[in-house]
Amino acid sequence: MESFIKCGYISHKGMGEADFLIVGAGPSGLAAADSLSKKGYSVILLDQGSSIDHRICKNASVDRSKCTNCQPCNIHSGFGGAGGKSDGKLNLNPYIGKNLLNLIEGNSIEDKEKTAYDYIHKVDQFFIDCGAPIELKSKADDPRAKELAKKARKLGLDYMLIDQKHIGSDKLIQVMKNMYARLQSQTVNIILRKEIADIIFDNGSCLGVVLKDKSEIKAKHVLLGLGRRGEEFLKFLGKKYSLSLLPSPVDIGVRVETLNEVMEDLTSVTYDPKIRCGFWRTFCTNPSGFVVREQGDKFVTVNGHAEANRKSINTNFALLCTIELEKPKSDTYDYAALIAGLCSNAGGKKPLVQTIARFMEPRPHRSTIEEIFRYKGIRPTLTDVTPGNLFKVLTGEIFYGIRDAMEKLEELAPGLCKEHNTLMYAPEIKFNAYLPKLDSCFQSEINNLFFIGDVSGRTGSIVTAAAMGFILADKF
Ligand SMILES: Cc1cc2nc3c(=O)[nH]c(=O)nc-3n(C[C@H](O)[C@H](O)[C@H](O)COP(=O)(O)OP(=O)(O)OC[C@H]3O[C@@H](n4cnc5c(N)ncnc54)[C@H](O)[C@@H]3O)c2cc1C
């Protein structure tokens with residue numbers, strides 16, 4: 001097809017079985033599959049995980065706080081990707097989940113911003129077509145949000161005004177089922193429970209992929225939308241095929257859990273408030289939600305989510321700082337891994353938790369089991385944790401940065417730093433520490449091999465990852 005040469009790809013006519021093989025059925029892969037199949041290309045969409053119906057976290061049936069380390073993890077893998085089993089918060093803003101403008105060509109910021117919003121609306125429409133609600137949960141022009149933003153500015157904080165949609169975890173499952181049916185009706189060949197182990201490499205070009213069972217799938221173009229969990233695979237490809245992997249900043253911090261009433265003045269206006277406080281920012285707020293454990297290949301970290309049918313009396317949010325390193329230490333992945341390793345070590349392979357009272361002490365001491373579980377006040381929603389001392393495992397920059405941010409946030413959410421109200425869990429880390437070198441069409445240094453979504457290091461949310469899938473499809 002003529003458009004194959006739009007971006008200067010090497011065409012292997014007749015060689016592949018499909019025009020596009022997309023690995024990863026997360027938002028980036030789903031959007032690319034939808035758009036490319038609509039254009040008449042033949043598309044295979046492959047994922048190591050299961051269909052949405054079969055993505056059942058064993059935690060849910062036994063003890064929700066104990067991870068049984070399923071492979072692959074049903075929370076992160078399968079049709080819908082990492083966000084497929086979340087409560088589906090869509091931030092309709094190009095500056096949340098990395099900066100979408102960086103993926104867009106244009107002459108001015110205004111042009112790029114306009115195009116970025118066009119893609120955001122396309123993502124929103126994709127979800128609406130598949131059953132997501134049209135209504136917004138929070139609006140950028142809500143007078144109450146503007147009032148909060150004004151108050152925040154006076155405190156030296158930046159309270160972002162954003163349009164936000166909240167699909168809800170039960171509805172999101174139906175949305176994913178509808179997406180599956182839509183892609184099938186557009187003749188996308190969906191293959192689940194197959195893991196790729198390598199690419200087929202020939203003379204500088206990618207000709208397809210090798211699966212873990214040693215079988216091969218050939219295609220003219222291979223799109224890798226492997227999500228954050230694809231970081232190790234990216235490292236493997238980088239080493240084997242000498243790809244330039246540039247170190248990128250890494251997000252490190254804590255998960256804060258407090259009582260609903262402490263946060264409700266904010267969350268009743270903006271469901272997931274995005275507040276910037278110097279280098280620190282709040283991220284992924286879950287009213288009436290649960291702190292969850294994330295079992296990585298090597299480390300245990302924390303995250304948070306909200307559920308439709310089960311509510312807690314707590315709100316949790318991440319407080320993260322983007323860390324960049326200076327030479328000679330520039331490998332942010334190793335740096336974050338060191339901190340995760342320290343936490344795992346101190347916590348006996350469990351996340352650490354400390355009361356706000358201990359965390360705020362001039363020279364903090366570790367929290368005790370009695371303080372965490374038998375204290376008056378807040379009860380942890382994640383119970384498979386080790387009471388500890390975050391002062392001993394986080395660097396000074398991170399520890400004191402969090403303390404400063406918490407003190408400022410207390411002004412917007414009174415009670416946050418009061419003795420019995422809040423727990424601090426560590427570590428929360430967004431391991432997204434390598435940027436593969438990509439051209440303006442997201443093609444890597446290997447011909448016909450493309451990276452989209454979070455594994456590219458260029459997106460960090462459902463909306464931006466899906467937008468990147470659509471942007472790539474428009475290059476063909
Ligand atoms: C618990 C949780 C809740 C979240 N909630 C939200 C939210 O409410 N709003 C929001 O904007 N963002 C949320 N996020 C983040 C969001 O889900 C991600 O930013 C987004 O899903 C990234 O999309 P992606 O397409 O890049 O990759 P992913 O969604 O991560 O999908 C990658 C897919 O690739 C597959 N894969 C990886 N390696 C292989 C391999 N070797 N072979 C075959 N398949 C492979 C995986 O199985 C996975 O299905 C949440 C994340 C988590 C973990």
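Which strands form the open sheet, in what order do they lie, and is the pairing parallel, antiparallel or mixed?

Modeller: This is a predicted model, in which local features need pLDDT of at least 70 and side-chain atom pairs count only at pLDDT 80 or more, while totals for chains, interfaces and linings use all residues. Residues are numbered from 1 along each chain as its sequence is written.

The open sheet consists of eight strands in the order 4-12-13-16-11-19-17-18, with mixed pairing. Strand 4 (158-159) and strand 18 (386-387) are the edge strands, each pairing on one side only. Strands here are DSSP runs of E with at least two residues, and helices are runs of H or I with at least four, both numbered from the N terminus. Two strands pair if DSSP finds at least two bridges between them. Strands of a sheet pair through backbone hydrogen bonds, either parallel or antiparallel.

With strand 19 (residues 422-430), strand 17 runs antiparallel, and four bridges join the two; here Gln 354 stands opposite Met 424. Both faces of strand 17 are covered, with Leu 352 and Gln 354 buried on one side and Val 353 and Thr 355 buried on the other. A residue is buried if 20 or more other C-beta atoms, placed from the backbone, lie within 10 Å of its own, exposed if 12 or fewer, and partly exposed in between. In a regular strand the side chains alternate between the two faces of the sheet. Strand 19 also contains Pro 427, which is joined to Ala 426 by a cis peptide bond with omega of about -5 degrees. Most residues other than glycine have a negative phi, and most peptide bonds are trans.

Elsewhere in the sheet, strand 12 (residues 275-277) and strand 13 (residues 280-286) run antiparallel and are joined by two bridges. Arg 276 has Arg 281 of strand 13 as its bridge partner. Strand 13 is also where Cys 284 is found. Its phi is near 55 degrees, a positive value in a residue other than glycine. Cys 284 is buried because 21 other C-beta atoms lie within 10 Å.

The buried residues of helix 11 are Ile 398, Gly 401, Ile 402, Ala 405, Met 406, Leu 409 and Leu 412. Seen down the axis of helix 11, these buried residues fall within an arc of 135 degrees and so line one face of the helix; the arc is that of the directions from the helix axis to the C-beta atoms. Gly 396 and Tyr 400, on the other side of helix 11, are exposed. The cover over its buried residues includes helix 4 (143-154), strand 11 (250-259), helix 7 (260-267), strand 12, strand 13 and strand 16 (314-323).

Leaving aside neighbours within four places in sequence, Met 406 is in contact with Leu 416 and Cys 417; contact requires C-beta atoms, placed from the backbone, within 7 Å of each other. Met 406 and Gly 24 are 382 residues apart along the chain, and their C-alpha atoms are separated by 37 Å.

A separate pairing joins strand 7 (residues 196-202) to strand 8 (residues 205-211), which run antiparallel over six bridges. Ile 200 stands opposite Gly 208 in strand 8. Two residues lie between the strands of this hairpin, in which Asn 203 takes a positive phi near 50 degrees. In the loop between strand 8 and strand 9 (216-224) is Lys 214, whose phi is near 80 degrees, again a positive value in a residue other than glycine. Lys 214 counts as exposed because it has 8 C-beta neighbours inside 10 Å.

Key. Contact = placed C-beta atoms within 7 Å.
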